[in-house]
Amino acid sequence: MIKNIELEKAAYDFKAKMPLRQAIPLGLQHVCAMFVGNLTPLLIITSACGIAGGEFADLQVTLLQSAMFVAGVVTLVQLFTIGPVGGSVPIIMGTSSGFIGVFNSVAASMGGGVLAYGAIMGASIIGGIFESVLGFFLKPLRKFFPPVVTGTVVLSIGLSLISVGINSFGGGNAAKDFGSMENLLLAVFVLVVILIFKHWTTGFLSSSAILIGILAGYVAAFVMGFILPTTGVTADGVEFTKAWVLNWNKVAQASWFAIPKLMPVKIVFDMRAIMPVMIMFVVTAVETVGDISGVMEGGVNREPTDKELSGGVICDGLGSSFAALFGVLPNTSFSQNVGLVAMTKVVNRMALASGAIFLILCGLIPKLGALISIMPQAVLGGAAVMMFSSIVVSGIQLITKEKMTPRQLTIVSVALGVGYGMGANSGILAQAPHALQLICGESGIVPAAFVAIVLNVLLPKDEENA
């Protein structure tokens, strides 16, 4: 009985030793919470660049494999630290979804292809180094990022992703059968399964609801292949394969074991990508400060120290540069896992590390990457709509963590109204300089963050009794 009590206490102590039989399931719970979110941005951006299939099918599998490997390595650095790199905080790292809007904009402005993807990698290397430098000077900069600013940034990230999620919900807007009843019903089925497991089960099943929903989506698509026609004909009389059909040949052709490839695409340094991406790295530094604050308050019941925040942001930046060398999008702290820590209070480093090691092992098995790459967009959409909307809710929670005053209401209102509104309706910038169009992109995250930071500096502080 005493032994069980000790094990329970270990789960709630960051540096305590835990037996593997408990650490591994707790670590896998974290992996389940972030596994899909870690790969979703790659699926979306490779599709935006036009390197999601055909002659680039092998490249996409390689990138998905590397995304799992990199997330595991960067998480271990965040947990155990290497010198000043890493905050020694219970954070799981993974591919950031916050950059999707900016990268979509870069891909569109550069005409897509491997060149655009290489430019995204080049910009990520420089941006990651820039963010790590910010991390070293975080203590004097911290006053510029109160919860009202970090919350507004997180909220705008979530808002910018909802349209991406709903596009996948319909089967992917590049699909010939976009918005078909088959795609919509498949997405709704996945969403319903997620809701059932999230709210009508407890423990491991509840925490793994998104993973279970996606597995159910694969099964449903497999069954649909037997009872529904898998091809359709366009208005021009061209036959096409429907978006929900599983391409098992891709999995069969993938190997069982492979070392992740260094620089699978040629890295390109192009200012059209570098400028907007560097600004986005300032935004992601703000988001990481918010995530670390959230995980320390939710899991350990205290504010993070300056050293923890600084090390966390440095790891965020250098981890993103490291990821780009393997062709992977920037790595950052995962908001889904912050919510999981706040809910379970399990902060043990060994538990989280066991999850990171599982990710590294997955990164050595290309067949797993291939299996994920054939996921129908509608299945992804059923999960993404809920995942991306939960980021909006996280932003609202951060904003309302402190009492809402007229000053805070003004910051949030103007940042979302002018900043996010300008980015979400990018046509308003059609006559503006091209550099401004690139920086604001189509996501609205960068202008919203900029407006929130500037207003927080300029507006007079509220009186104590306000």
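# Helices, contacts and a cavity

Student: Which residues of helix H10 are buried?

Tutor: The model is predicted, so local features need pLDDT of at least 70 and side-chain atom pairs pLDDT of 80 or more, whereas totals for chains, interfaces and linings use all residues. Residues are numbered from 1 along each chain as its sequence is written, and side-chain values use heavy atoms, without hydrogens and water. A residue is buried under 20% relative accessible area, exposed over 50%, and partly exposed in between (1.4 Å probe, protein chains only). On this basis the buried residues of H10 are Ala209, Ile210, Ile212, Gly213, Ile214, Ala216, Gly217, Tyr218, Ala220, Ala221 and Met224.

Student: How many of the 20 residues of helix H13 are buried?

Tutor: H13 covers residues 306-325 and reaches 29 Å between its end C-alpha atoms, close to the expected 28 Å. After this helix comes Gly327, with a positive phi near 75°. H13 is largely enclosed by the rest of the structure, because its buried residues number 15.

Student: At which residue does helix H17 bend?

Tutor: The 23 residues of H17 (377-399) should span 33 Å, and the end C-alpha atoms are 32 Å apart, which agrees. A bend is the angle between axes fitted to the seven residues ending at a residue and the seven starting there. In H17 this angle is about 30° at Ala384.

Student: Which residues are in contact with Thr284, leaving aside its neighbours within four places in sequence?

Tutor: Thr284 lies in helix H12. With a relative accessibility of 1%, Thr284 counts as buried. Contact means heavy atoms within 4.5 Å. Beyond its sequence neighbours, Thr284 is in contact with Ser96, Phe99, Glu131, Asp316 and Thr332.

Student: Which residues does Ser354 contact, leaving aside its neighbours within four places in sequence?

Tutor: Ser354 is part of helix H15. Its relative accessible area is 15%, so Ser354 is buried. The contacts outside its sequence neighbourhood are Ala23, Ile24 and Gly27.

Student: How many residues does H12 give to the lining of the second largest cavity?

Tutor: On a 1 Å grid over the protein atoms alone, a cavity is a set of points where a 1.4 Å probe fits but cannot get out, and lining residues have an atom within 4 Å of a point. The second largest cavity is lined by Leu134, Leu138, Leu141, Phe145, Val282, Ala285 and Val286. Helix H6 (138-141) and helix H12 (271-299) are the elements that give two or more residues to this lining. H12 gives the most, and its number of residues is three.

Student: What is the volume of the second largest cavity?

Tutor: There are two cavities of 30 Å³ or more. A volume is the space filled by probe spheres set on the grid points, which are joined across faces, edges and corners. For the second largest cavity, the volume is about 40 Å³.

Student: What separates the C-alpha atoms of Gln253 and Lys367?

Tutor: Gln253 lies in helix H11 (residues 248-253). Its relative accessibility is 67%, so Gln253 counts as exposed. Gln253 and Lys367 are 114 residues apart along the chain, and their C-alpha atoms are separated by 8.3 Å.

Student: What is the C-alpha separation of Ile365 and Ala254?

Tutor: Ile365 lies in the loop between helix H15 (349-362) and helix H16 (366-373). At 31% relative accessibility, Ile365 counts as partly exposed. Ile365 and Ala254 are 111 residues apart along the chain, and the separation of their C-alpha atoms is 9.0 Å.

Student: What is the phi of Met263?

Tutor: Met263 lies in the loop between H11 and H12. Met263 is partly exposed, because its relative accessible area is 47%. Although Met263 is not a glycine, its phi is positive, about 50°.

Student: Which residues does Gly113 touch, not counting residues up to four places away in sequence?

Tutor: Gly113 belongs to helix H5 (residues 113-136). Gly113 has a relative accessible area of 22%, so Gly113 is partly exposed. Outside its sequence neighbours, Gly113 touches Cys49 and Ile51.

Terms used
Helices (H or I, at least four residues) and strands (E, at least two) are DSSP runs, numbered from the N terminus. The expected span of a helix is 1.5 Å times one less than its number of residues. On a 1 Å grid over the protein atoms alone, a cavity is a set of points where a 1.4 Å probe fits but cannot get out, and a pocket is an open set with protein on both sides within 12 Å along at least five of seven lines; lining residues have an atom within 4 Å of a point.
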